[in-house]
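Please open the model in your viewer and keep the selection tool at hand. The stops below say what to select next and what is to be found there.

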2 protein chains.
Amino acid sequence: MDRVSRQSRVAKLPPRERILDAAEELFSREGIKAVGVQAIANRAETTKMALYRHFATKDALVEEWLRIVAADYTAAFDQVEDAHPDEPRAQILGIARFIADGLPEISHRGCPFINSVAELPDRTHPARRLIEAHKAGQVRRLADLCARAGLPDPDEAAAEITFALEGAQVSTQNGSVERAGERLMRIVEAVLDRHSAPGAAR
Amino acid sequence: MDRVSRQSRVAKLPPRERILDAAEELFSREGIKAVGVQAIANRAETTKMALYRHFATKDALVEEWLRIVAADYTAAFDQVEDAHPDEPRAQILGIARFIADGLPEISHRGCPFINSVAELPDRTHPARRLIEAHKAGQVRRLADLCARAGLPDPDEAAAEITFALEGAQVSTQNGSVERAGERLMRIVEAVLDRHSAPGAAR
DNA sequence: ATCTCATGAGACCGATCGGTATCGTGCGGG
DNA sequence: CCCGCACGATACCGATCGGTCTCATGAGAT
């Protein structure tokens with residue numbers, strides 16, 4: 001995610017890095033199918049040949065791009081957890097805050113995973129497998145935090161929080177809900193409260 | 001939504017209908033960009049020329065397809081509301097039930113609107129405008145029902161329900177959450193309870 | 001019986017797709 | 001010093017893209 005801010009122009013990085021930067025920019029802005037390898041090479045100020053020297057196929061580049069995005073998310077979540085050691089509730093809220101704060105930037109462009117899955121209907125495609133593994137890992141991670149927070153049904157709580165996180169991104173992308181960030185935070189707090197309330201299991 | 005079940009083959013419908021049926025099938029299964037007009041014509045057992053006699057461009061066909069899908073959803077919601085006249089809470093739960101019941105069918109294919117937005121990054125594209133208008137209308141509709149149900153903050157409640165509906169579809173598509181339907185229903189019930197509770201405004 | 005017009009069939013267009021081959025050049029390590 | 005190798009530029013490949021054109025045919029209305 002901090003990969004985007006790199007200036008990437010004057011002090012030229014090696015071609016492979018420039019290609020990945022260009023792919024990040026173009027894939028997340030226009031979509032996978034809408035971007036040709038020539039366009040990526042142009043934006044990376046290199047050539048198609050150089051691209052194919054580092055990546056076997058376009059699909060392999062897509063996969064590597066998604067692998068990096070997933071790693072960035074995971075690293076960001078690690079950082080949030082480290083900021084609140086042994087405070088699972090604060091860690092969950094920190095993750096929600098991280099997504100909420102990202103909404104304005106993501107606005108109308110959308111989550112790269114959600115968008116990419118839409119373009120990868122084949123569940124056996126390596127890139128799609130990567131996304132599904134990443135998302136499943138995030139849900140497990142949330143469930144783990146919920147368990148550590150002492151919630152009696154951590155899987156249910158994690159699922160509810162996940163729905164809210166994904167829904168907030170989708171609804172921001174299509175502009176149907178305003179102030180999605182604040183609402184997202186309120187929802188997550190409410191989920192935590194409801195699940196930790198003693199007799200409130202419906 | 002019932003358009004899918006049409007047999008559409010032996011007792012041939014007029015070409016325009018067959019083309020729209022083929023578009024529904026292929027666009028929702030493979031995505032917009034992944035499907036060529038030739039493939040649509042083939043599946044509709046007609047020709048590209050016939051297709052272009054009824055639709056000015058591929059984009060126009062995409063737009064018409066989405067218009068029909070949106071109308072189908074709206075009609076389904078109408079039907080749910082009619083089934084529970086003057087019972088806004090039951091109407092809201094009925095809408096959630098409708099989405100929850102659709103999850104297994106949608107499974108791994110995803111919501112056509114969410115998927116299409118991912119392939120339409122240009123917010124001025126007519127098809128994207130149509131989707132955004134539809135989604136905004138659904139949120140307004142939910143907020144209206146929430147208001148009629150006497151909830152003190154109908155916009156907030158509608159946003160929370162919307163997040164849950166969208167999130168459930170996304171998480172079902174990428175396989176990260178099991179039994180999403182049951183969980184969706186529990187969330188919506190909890191949102192209604194929390195917002196109708198007297199002193200519970202945080 | 002005839003006229004009309006939507007249809008079906010298929011060739012064709014320029015552009016672009018993902019991917020490959022060729023060749024020149026320049027920089028860095030032995 | 002010079003040799004190897006990654007790089008850049010360019011041309012090319014077959015396939016497919018969205019979209020157009022021509023023409024034969026067939027069913028319905030008059």
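Begin by selecting helix 7 of chain B, where the buried residues are B:A127, B:R128, B:L130, B:I131, B:H134, B:K135, B:Q138, B:V139, B:L142, B:A143, B:L145 and B:C146; a residue counts as buried if 20 or more other C-beta atoms, placed from the backbone, lie within 10 Å of its own. Helices here are DSSP runs of H or I with at least four residues, numbered from the N terminus. The model is a predicted one, in which local features need pLDDT of at least 70 and side-chain atom pairs count only at pLDDT 80 or more, while totals for chains, interfaces and linings use all residues. Residues are numbered from 1 along each chain as its sequence is written, and chains are lettered from A and ligands numbered from 1 in the order in which they are written.

From its first C-alpha to its last, helix 7 of chain B reaches 33 Å with its 23 residues, close to the 33 Å expected at 1.5 Å a residue, the expected span being 1.5 Å times one less than the number of residues. After this helix comes B:G150, whose phi is positive, near 85°.

Next, show the two protein chains together and select the residues through which they touch: 44 from chain B and 43 from chain A, a contact being two residues whose C-beta atoms, placed from the backbone, lie within 7 Å. On chain B, helix 1 (15-30), helix 6 (112-118), helix 7 (126-148), helix 8 (154-173) and helix 9 (180-196) each supply at least two residues to this side, and helix 8 gives the most, with 13 residues. Because 98% of the interface residues of chain B are also interface residues in chain A, the copies meet through the same surface.

How is chain B superposed on chain A? A rotation of 180° with 0.0 Å of shift along its axis does so, with an RMSD of 0.0 Å, when the copies are fitted by least squares on the C-alpha atoms of residues with pLDDT of at least 70 in both. The two copies are therefore related as by a two-fold rotation axis. To find this axis from chain B, select B:G167, whose C-alpha is the nearest to it in that chain, 2.1 Å away.

Now select A:A164, which, leaving aside residues up to four places away in sequence, touches A:L184, A:I187, A:V188, B:F163, B:A164 and B:G167. A:A164 and B:A164 have the most contacts inside the largest nonpolar core, a set of 112 residues; such a core consists of buried Ala, Val, Leu, Ile, Met, Phe, Trp, Tyr and Cys residues joined through C-beta atoms within 7 Å.

Finally, turn to the DNA. For DNA strand C, select A:G36, A:T57, A:K58, B:T46 and B:A50, which come nearest among 17 residues; here the largest share, four residues, comes from helix 3 of chain B.

Methods: Buried ≥ 20, exposed ≤ 12 C-beta atoms within 10 Å, placed from the backbone. Near = placed C-beta within 6 Å.
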